[in-house]
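Hi,

Here is the structure I promised to pass on.

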Amino acid sequence: MKTMTRREVLRLAGGATAIIPLAMLTTHQAVATDMPQVDPEDATAKALGYVHASENAEQLCNNCQLYTGEAEAEWGQCTIFPGKSVNAQGWCKSWVKKMA
Ligand code: SF4
């Protein structure tokens, strides 16, 4: 059995360090679309007046500063509802115009 030199161990560790963040990013994006939808009857959602379909075409979750989902996705993440997804066409009282 061949033992690894110190240089080989460090090179392997460096490669692993580069791969881990990429794996986490991929997992994060995959999880965002698989997250349960926010229930508008949930206490926080209700307090914020969250709805799956905004009544104002200019104020939508997907143009809100707190929306982190993909622009074209039907559902995405919002920093106010960790672990849940909001409808891209939704809205709540915390809506803030997304900066360009
Ligand atoms: S803060 Fe409200 S409007 Fe903005 S993305 Fe979240 S749920 Fe939608």
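Below is what I found, going from the whole chain down to single residues.

First, some ground rules. Residues are numbered from 1 along each chain as its sequence is written. This is a predicted model, so local features need pLDDT of at least 70 and side-chain atom pairs count only at pLDDT 80 or more, while totals for chains, interfaces and linings use all residues.

On confidence: pLDDT is the predictor's own confidence in each residue, from 0 to 100. The chain has a mean pLDDT of 81, with 67% of its residues at 70 or more. Over residues 15–31, though, the pLDDT is below 50, and that stretch has zero contacts in the model beyond near neighbours in sequence. A contact here is two residues whose C-beta atoms, placed from the backbone, lie within 7 Å.

The chain has two helices and two strands, in the order α-α-β-β from the N terminus. These are DSSP runs numbered from the N terminus: H or I over at least four residues for helices, E over at least two for strands. Of the 100 residues, 22% are buried. Buried means 20 or more other C-beta atoms within 10 Å of a residue's own, exposed means 12 or fewer, and partly exposed is in between, with C-beta atoms placed from the backbone.

Now the ligand. It is surrounded by 13 residues, and the closest are C61, C64, C78, C92 and W95. To be counted, a residue needs its C-beta atom, placed from the backbone, within 6 Å. The shell has 11 nonpolar, two polar and no charged residues. Nonpolar covers Ala, Val, Leu, Ile, Met, Phe, Trp, Tyr, Cys and Pro; charged is Asp, Glu, Lys and Arg; the others, Gly among them, are polar.

C61 and C78 turn up again in the largest nonpolar core: of its 14 residues, they touch the most other members, along with V38 and V86. Such a core is a set of buried Ala, Val, Leu, Ile, Met, Phe, Trp, Tyr and Cys residues joined through C-beta atoms within 7 Å. Outside four places in sequence, the contacts of C61 include Y67, C78, V86 and W91.

Last, a loop residue. H52 sits between helix 2 (43–47) and strand 1 (75–77). H52 counts as partly exposed because it has 17 C-beta neighbours inside 10 Å. Its C-alpha atom is 5.4 Å from that of N87, 35 residues apart along the chain.

Cheers
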